[in-house]
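Please read it with the coordinates open.

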Amino acid sequence: MQALMNYKYYDSPEGQDCFQKMFYMSKHAAYFGLGIAATDVLLISHPKGYVQTAGRFVHYMGPLTAMAAAFAATTCIATSLRGKDDRLNYVIGAASSAAIFGTWKNSLSGGLHAFLLFGVVAYMKKKSVEEGWEFFPTVKKQKNFLNSLEYDFSSLKDKFK
């Protein structure tokens with residue numbers, strides 16, 4: 001179980017370890033859905049009672065988790081069936097996620113627009129992996145005075161005695 005929790009999406013080649021990839025994507029989508037659902041419950045919908053609150057959490061977390069799992073599963077299956085590891089597999093995975101999104105919103109045009117957005121993002125993500133650049137670069141923390149654990153003020157001790 002610990003190995004499953006520490007798994008990263010690109011630890012294994014595309015088309016292999018489909019369950020681990022689905023779990024990784026679903027886990028992060030559930031965290032994202034939890035944040036969106038909490039924001040909705042606290043700031044927008046204000047449900048009355050536990051059942052309605054749980055319903056709002058399921059309303060957001062369920063489809064988002066299903067979209068992530070569908071993307072990972074479809075991408076893995078497409079890679080296995082086609083025998084190629086290319087950008088089209090990610091676009092096919094984006095189509096499956098967009099279909100779930102359109103069903104969730106009960107809107108065909110919403111699903112088509114989601115496919116356009118998800119398809120472009122998936123294509124660019126796969127391109128970034130192939131070419132070695134970061135799609136979402138890491139944010140560098142700025143050092144400041146409030147984070148005093150990183151600084152040694154021992155040279156000032158003698159001056160203020």
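The points below cover charge pairs, cores and surface.

1. Basis. This is a predicted model, in which local features need pLDDT of at least 70 and side-chain atom pairs count only at pLDDT 80 or more, while totals for chains, interfaces and linings use all residues. Residues are numbered from 1 along each chain as its sequence is written, and side-chain values use heavy atoms, with hydrogens and water left out.

2. Salt bridges overall. How many salt bridges does the structure hold? There are six. The term means a side-chain nitrogen of Lys or Arg within 4 Å of a carboxyl oxygen of Asp or Glu.

3. The Lys-21 pair. Lys-21 forms a salt bridge with Glu-14, and their closest N and O atoms are 3.9 Å apart. Are these two residues buried or exposed? Both Lys-21 and Glu-14 are buried. The cut-offs are under 20% relative accessible area for buried, over 50% for exposed, and partly exposed in between (1.4 Å probe, protein chains only). For Lys-21 the relative accessible area is 0%.

4. Surroundings of Lys-21. Lys-21 sits in helix H2. Helices (H or I, at least four residues) and strands (E, at least two) are DSSP runs, numbered from the N terminus. A polar atom of the Lys-21 side chain lies 3.4 Å from the backbone oxygen of Pro-13. Beyond its neighbours within four places in sequence, Lys-21 is in contact with residues including Tyr-7, Tyr-9, Ser-12, Gln-16 and Ala-72. Contact here means heavy atoms within 4.5 Å.

5. Asp-40 forms a salt bridge with Arg-56, with 2.9 Å between the closest N and O atoms. The pair links distant parts of the chain: Asp-40 is in helix H2 (residues 18-45) and Arg-56 in helix H3 (residues 50-82), 16 residues apart. Asp-40 is buried at 3% relative accessibility. Arg-56 is partly exposed, at 25%.

6. Other charge pairs. Arg-82 and Asp-86 meet through their side chains in a salt bridge of 2.7 Å, N to O. Arg-82 is partly exposed at 30% relative accessibility. Asp-86 is also partly exposed, at 23%. A network of salt bridges links Arg-87, Glu-130 and Glu-131.

7. Nonpolar cores. Which residues make the largest nonpolar core? Its eight residues are Tyr-7, Tyr-9, Tyr-24, Phe-71, Ala-72, Tyr-90, Ala-94 and Ala-122. H3 and helix H4 (87-105) are the elements that give two or more residues to this core. Another core, of five residues, lies apart from it, with Ala-37, Tyr-60, Leu-64 and Trp-104 among them. A nonpolar core is a set of buried Ala, Val, Leu, Ile, Met, Phe, Trp, Tyr and Cys residues joined through side-chain atoms within 4.5 Å.

8. Tyr-90. Leaving aside neighbours within four places in sequence, Tyr-90 is in contact with Tyr-9, Tyr-10, Glu-14, Phe-71, Thr-75, Ala-122, Lys-125 and Lys-126.

9. Surface patch. Met-1, Met-5 and Tyr-31 make a nonpolar surface patch of about 370 Å². Patches take residues with over 30% relative accessible area and no salt bridge; like charges are joined within 9 Å, nonpolar side chains (Val, Leu, Ile, Met, Phe, Trp, Tyr) within 5 Å. Accessible areas come from the Shrake-Rupley method with a 1.4 Å probe; for residues, only the protein chains shown count as cover. Met-1 is in the segment before helix H1 (2-5). Met-1 is exposed, with a relative accessible area of 71%.

10. Leu-88. Leu-88 belongs to helix H4. Leu-88 is partly exposed, at 41% relative accessible area. The C-alpha atoms of Leu-88 and Ala-78 are 8.8 Å apart, and these residues are ten residues apart along the chain.

Terms used:
A polar contact is a pair of N or O atoms within 3.5 Å; within protein, one must be able to donate a hydrogen and the other to accept it, and residues adjacent in sequence count only if both atoms are side-chain atoms.
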